[in-house]
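Hi,

Here is the structure I promised to send over. Have a look at it first, and then read on for what turned up.

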Protein chains: 2
Amino acid sequence: VPLSRTVRCTCITISNKFVHPKALEKLEIIPASQSCPRVEIIATMKKNAEKRCLDPESKAIKNLLKAVSKERSKKSP
Amino acid sequence: VPLSRTVRCTCITISNKFVHPKALEKLEIIPASQSCPRVEIIATMKKNAEKRCLDPESKAIKNLLKAVSKERSKKSP
């Protein structure tokens with residue numbers, strides 16, 4: 001019975017604040033698993049390495065993912 | 001002159017292997033910065049916590065990001 005399983009999500013509160021891609025040190029995406037039933041997205045900020053949990057379903061996170069993957073060097077082969 | 005700057009990218013080689021969302025422990029996205037001129041995506045696998053660098057421009061990674069963000073519990077408010 002899965003009810004007795006210990007839930008160990010990393011995020012307790014989820015921030016709705018906008019995160020600027022430039023302010024971001026890194027972004028961690030943790031898929032749903034046996035230890036936590038939901039996807040967790042943890043943003044580590046450059047400034048004081050503060051960690052913030054973000055809402056995976058928010059439009060802001062989708063834009064952030066897009067911005068981060070675009071923000072690359074434009075070296076062509 | 002930025003030429004003398006030390007480049008400290010995390011990834012040396014980049015894997016083109018397909019990563020199944022279910023096999024993924026977490027995914028780290030590190031935006032381009034002064035220490036590394038390119039976006040880095042590091043997948044940590046559940047099995048033996050192996051780390052793999054993935055190509056941010058590959059279609060596989062885009063699908064993976066999509067899959068991971070969709071793979072959530074369907075709790076409605």
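Predicted model: local features only at pLDDT ≥ 70, side-chain atom pairs only at ≥ 80, totals over all residues.

In chain B, β2(B) and β3(B) run antiparallel and are joined by four bridges. One residue pair to look for is B:Thr44, whose bridge partner in β3(B) is B:Lys51. Strands here are DSSP runs of E with at least two residues, helices are runs of H or I with at least four residues, and both are numbered from the N terminus. Two strands count as paired if DSSP finds at least two bridges between them.

Residues are numbered from 1 along each chain as its sequence is written, chains are lettered from A and ligands numbered from 1 in the order in which they are written, and side-chain values use heavy atoms, with hydrogens and water left out.

Back to the sheet. Six strands make up an open sheet with antiparallel pairing, in the order β3(A)-β2(A)-β1(A)-β1(B)-β2(B)-β3(B). At the edges sit β3 (51-54) of chain A and β3 (51-54) of chain B, each pairing on one side only. On average, neighbouring strands of this sheet are turned by 25° against each other, direction ignored (axes are lines fitted to C-alpha atoms, for helices over the stretch in contact, and angles run from 0 to 180 degrees between N-to-C directions).

Chain A has one helix and three strands, and along the sequence they follow the pattern β-β-β-α. Of its 77 residues, 39% count as buried, where buried means under 20% relative accessible area, exposed over 50%, and partly exposed in between (1.4 Å probe, protein chains only).

How do the two copies relate?

The largest nonpolar core has 26 residues, and A:Leu27, A:Ile29, B:Leu27 and B:Ile29 touch the most other members. (Such a core is a set of buried Ala, Val, Leu, Ile, Met, Phe, Trp, Tyr and Cys residues joined through side-chain atoms within 4.5 Å.) β1 (24-30), β2 (40-45) and α1 (59-70) of chain A and β1 (24-30), β2 (40-45) and α1 (59-70) of chain B each give two or more residues to this core. Leaving aside neighbours within four places in sequence, A:Leu27 has contacts (heavy atoms within 4.5 Å) that include A:Leu64, B:Leu27 and B:Ile29.

Is A:Arg52 buried or exposed? At 15% relative accessibility, A:Arg52 counts as buried. Its side chain makes a polar contact with the side chain of A:Glu50 (3.2 Å). By polar contact I mean a pair of N or O atoms within 3.5 Å; within protein, one must be able to donate a hydrogen and the other to accept it, and residues adjacent in sequence count only if both atoms are side-chain atoms. A:Glu50 is in the loop between β2 and β3 of chain A and counts as partly exposed at 32% relative accessibility.

Cheers
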